Amino acid sequence: SLNKRIINYAYEKKIKVKSKYNIVSLIGAMTYCKDHQKLFNNVSSYLVDKGYFIFTQRVDLWEKFDFDNIIKDNSQFQLLYKSRPLNYLPKNKDFTSKIKIRIVLLTK
């Protein structure tokens, strides 16, 4: 769909910023990212030294893309926190406990 193409493009296109940030968050959107390395490179370029990147990722996609290794192999970031699997939208009747997520905190 057009929306997914636009979102994928947003992950792959580097945005010009005038100053660096202390934190970048990507909550509930990592599902649509196709090129994780490009995303990590872009986020790293937006952050100050020792800046933080916090994101959520669905557990099924965590396993599919082997996110433990993606994070381990990425020399730009160090893992500070990775949550246990948590309910994505526990009060939503369509999701309840069907989809689990992890909350992740990295530092540059």
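Biologist: In this predicted model, which residue lies over the face of Trp 62?

Modeller: Arg 102 lies over that face, at 5.5 Å from the ring centre of Trp 62. Trp 62 also belongs to an aromatic cluster, together with Phe 40, Phe 53, Phe 55, Phe 67 and Phe 77.

Biologist: How many aromatic pairs does a search of the whole structure find, and how should I read the geometry of Phe 40 and Phe 55?

Modeller: The search finds seven aromatic pairs. Planes over 60 degrees apart count as edge-to-face, and Phe 40 and Phe 55 form such a pair, with 70° between the planes and 6.1 Å centre to centre. This pair links distant parts of the chain, since Phe 40 sits in helix H2 and Phe 55 in strand S2, 15 residues apart.

Biologist: What is the arrangement of Phe 53 and Phe 77, and why?

Modeller: Their planes stand at 45°, with the ring centres 5.9 Å apart, so the pair is tilted. Here too distant parts of the chain are linked: Phe 53 is in strand S2, whereas Phe 77 is in the loop between helix H4 and strand S3, 24 residues apart.

Biologist: Are Phe 53 and Phe 77 buried or exposed, and which residues touch the most other members of the largest nonpolar core?

Modeller: In soluble globular proteins, nonpolar side chains tend to be buried together. Phe 53 and Phe 77 are both buried, as are Phe 40 and Phe 55. The largest nonpolar core has 18 residues, of which Met 30, Phe 40, Phe 53, Phe 55, Phe 67 and Leu 106 touch the most other members. Helix H2 supplies the largest share of this core, four residues.

Technical notes. Residues are numbered from 1 along each chain as its sequence is written. This is a predicted model: local features need pLDDT of at least 70, side-chain atom pairs count only at pLDDT 80 or more; totals for chains, interfaces and linings use all residues. Side-chain values use heavy atoms; hydrogens and water are left out. Rings of Phe, Tyr and Trp (its six-membered ring) pair if their centres lie within 6.5 Å; planes under 30 degrees apart count as stacked, over 60 as edge-to-face and the rest as tilted. Helices (H or I, at least four residues) and strands (E, at least two) are DSSP runs, numbered from the N terminus. Buried means under 20% relative accessible area, exposed over 50%, partly exposed in between (1.4 Å probe, protein chains only). A charge sits over a ring if NZ of Lys or CZ of Arg is within 6 Å of the ring centre and within 35 degrees of the ring normal. A nonpolar core is a set of buried Ala, Val, Leu, Ile, Met, Phe, Trp, Tyr and Cys residues joined through side-chain atoms within 4.5 Å.
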